[in-house]
Every structure is written in structure tokens, then in C-alpha cells.
Amino acid sequence: MRSGNPALKESTFLDLGSGTVVSRSAGAMTLNGTVNKTGMLLLLAVLTATFAWHQTLSPAGEVLPAAKLYLWGGLIGGFVLALVTIFKKEWAPVTAPLYALVEGLFLGAISAMYNHLYEGIVMQAVMLTFGTLFALLMAYRSGLIKATENFKLGVVAATGGIALVYLATIVLGFFNIQIPLIHESGLIGIGFSLFVIVIAALNLVLDFDFIESGVEAGAPKYMEWYAGFGLMVTLVWLYIEFLRLLAKLNSRD
């Protein structure tokens, strides 16, 4: 039950006191329930993303000053709500929808800003994200991809390495120092983005496996919301990475 997603980790379904799997004989977590909750979260995010998009771009297609408000407000608000959800899983029926709404503001603003630079890039990133989701889901359900222990260890290790690189990028950015090459549009930068996208996509496989484990363990009903939230975290990461890759490719034209 290991996942590279910080929201879906090994101890998610465990009772912190006894260390055993938390289960309920009535109102247990189901796969259909999780799918429905995930769909609702995505719909909420799309609604606020659409609102933020229209507040960020003028009718002439120019980026408005409000863009930074929605971008940073959504980013910080989503981060806070994500932490609350992770540490208070039983609050997920409330915090997960709030996270989706706030994260949608961030997604709408950053999408509008990217689309302002490269027309049509957002629709391409959306199609690639959901295409990857459904392709990996089919591969997982058909048994083509199996979340073995070594597979999990490799993906988790790679995810941790990427997180450290991004953390170093943020810290060094405060001192006007940039890590060379990997964030640029050269071959190394494009290769790095492709690597990150592959790892983000493989995290979806771990999320599928983790959700399936929760259903089999008879986790409580609120875990449907929590599992949907965790899956959405991975999808947001994958979408942003597709945007970054497409931006690098377009800047080479």
C-alpha cells in the first residue's frame, strides 16, 4: 500500500492507535463511490478554473492584474487545505471539495497565462492528461502494469528526487540562482520534463493500486472523498508538467 503521492501513503488506512486497518461493516468505501467523488471534485475544479480564467484574461486576450491574486491565492489556499485533508482524513467530505474549488482558481489562472503565451496549449495539456489517465487505468485493470513492491519503491524514490529538485529550485530562486538546463527549452530541459511526466503518470498506477487496497480493506466511507482528493493531487501535478513541457516545445519554434 505504498504510493509516491503524499496524500496516499502507507499509513492512510491505518488506525494510529492500534496500527490496524480502519474498517466499517456498514458504509464502507467502494470503487464506484470513489469514482463518483473524484468526478465531483474534478467538476468543482473545472467550475472555479473557468471563473478564474475569465477573470485573468481580458476580452482582447491580455493578462489582467488579478491573475496573480488567483494564482497565488489558489496555490497557497490549495496547499493549506491539502495539508488539513492529509492530517485530518475524516474531514475529507468537507475539505476535499474546498480544495478542489480553491485549486481550480490556481489552475484557471495559470492555464490562462500559459494560453496567453501559446494559444491552444491548455486544451492540448488537458487532452494529454486525461488520455494518460484513461490509458494507464486500462493498462492497470487489464494487468499490463502491476504495482509490484520494486515498482513502488522505484516510483516513490524518483518522486522524492523530483520533489527535492523542485524544492531546491524554489529556495535558490529567493537568491536569484537558477538550476541550469533542466528548466530551459533545450534538449536537457525537455528530457527532464519528459522524465517528470513519466514519474507523475506512474504515480497514477500507485494511486489506483492504493485505492483498490482501501476498498478491499473495507475503509470507512469518508475515504472515498480522501481517495478522490489524492488522485486529484496527482492529476494536477501531471497537468502542470504537461503545460511546462508543451511550453518548452513551443518556445523552440
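Predicted model: local features only at pLDDT ≥ 70, side-chain atom pairs only at ≥ 80, totals over all residues.
1. A residue is called buried when its relative accessible area is under 20%, exposed when that value is over 50%, and partly exposed in between.

2. As to overall architecture, the secondary structure of the protein chain comes to 7 helices and 0 strands, so that the pattern read along the sequence is α-α-α-α-α-α-α. Among the contacts in the chain with a separation of 6 or more, 82% are accounted for by residues 24 or more positions apart.

3. The length of helix H1, which runs over residues 31-56, is consistent with its residue count: at 1.5 Å a residue its 26 residues should span 38 Å, and the C-alpha atoms at its ends are 37 Å apart, which agrees. At the start of this helix, a side-chain oxygen of threonine 30 reaches to within 3.0 Å of the backbone nitrogen of glycine 33. The backbone oxygen of threonine 30 also takes part in a polar contact, lying 2.8 Å from a polar atom of the side chain of threonine 34.

4. The buried residues of H1 are Gly33, Thr34, Lys37, Thr38, Leu41, Ala45, Thr48, Ala49, Ala52 and Thr56. The partners against which the buried residues of H1 pack are helix H2 (66-87), helix H3 (92-117), helix H6 (187-217) and helix H7 (223-251).

5. Threonine 34, placed in helix H1, has a relative accessibility of 3% and therefore counts as buried, the cut-off being under 20%. When residues up to four places away in sequence are not counted, threonine 34 touches Met29, Ile211, Glu224, Ala227 and Gly228.

6. Two packed helices are described by the angle between their axes and the distance between the axes. For H1 and H2, the angle is about 150° and the axes are 8 Å apart. That angle makes H1 roughly antiparallel to H2, because angles over 145 degrees fall in that class. The crossing of H1 and H2 is left-handed, and the residues that meet are Phe51, Ala52, Gln55 and Thr56 in H1 with Ala66, Ala67 and Tyr70 in H2.

7. Phenylalanine 51, which lies in helix H1, is partly exposed, with a relative accessible area of 42%. Leaving aside residues up to four places away in sequence, phenylalanine 51 touches Tyr70 and Leu105. Phenylalanine 51 and glycine 104 are 53 residues apart in sequence, while their C-alpha atoms are 8.8 Å apart in space.

8. Phenylalanine 79 has its place in helix H2 and, at 53% relative accessibility, counts as exposed, since the cut-off for that class is over 50%. The C-alpha atom of phenylalanine 79 is separated by 8.3 Å from that of tyrosine 99, a residue 20 positions away along the chain.

9. A further helix pair to inspect is H3 with H7, which pack at an angle of about 10° with their axes 10 Å apart. H3 and H7 are therefore roughly parallel to each other, as angles under 35 degrees are so classed. On the H3 side, the contact is made by Ala92, Pro93, Ala96, Pro97, Tyr99, Ala100, Glu103, Phe106, Leu107, Ile110, Ser111 and Tyr114. On the H7 side, the contact is made by Trp225, Tyr226, Phe229, Met232, Val233, Val236, Tyr239, Ile240, Leu243, Arg244 and Ala247.

10. Asparagine 176, found in the loop between helix H5 (149-173) and H6, has a phi near 60°, a positive value in a residue other than glycine; at 74% relative accessibility, asparagine 176 counts as exposed. Leucine 181 lies in the loop between H5 and H6, and its phi is near 75°, again a positive value in a residue other than glycine. At 42% relative accessibility, leucine 181 counts as partly exposed.

Methods. Residues numbered from 1 in each chain as written. Heavy atoms only, no water. Helix = DSSP H or I, 4+ residues; strand = E, 2+ residues; numbered from the N terminus. Expected span 1.5 Å × (residues − 1). Buried < 20%, exposed > 50% of the residue type's maximum accessible area, 1.4 Å probe, protein only. Contact = heavy atoms within 4.5 Å. Polar contact = N/O pair within 3.5 Å; in protein donor to acceptor, adjacent residues only side chain to side chain. Axes fitted to C-alpha atoms, helices over the stretch in contact; angles between N-to-C directions. Parallel < 35°, antiparallel > 145°, perpendicular 65-115°, else oblique. Left-handed = near helix turned anticlockwise from the far one by under 90°.
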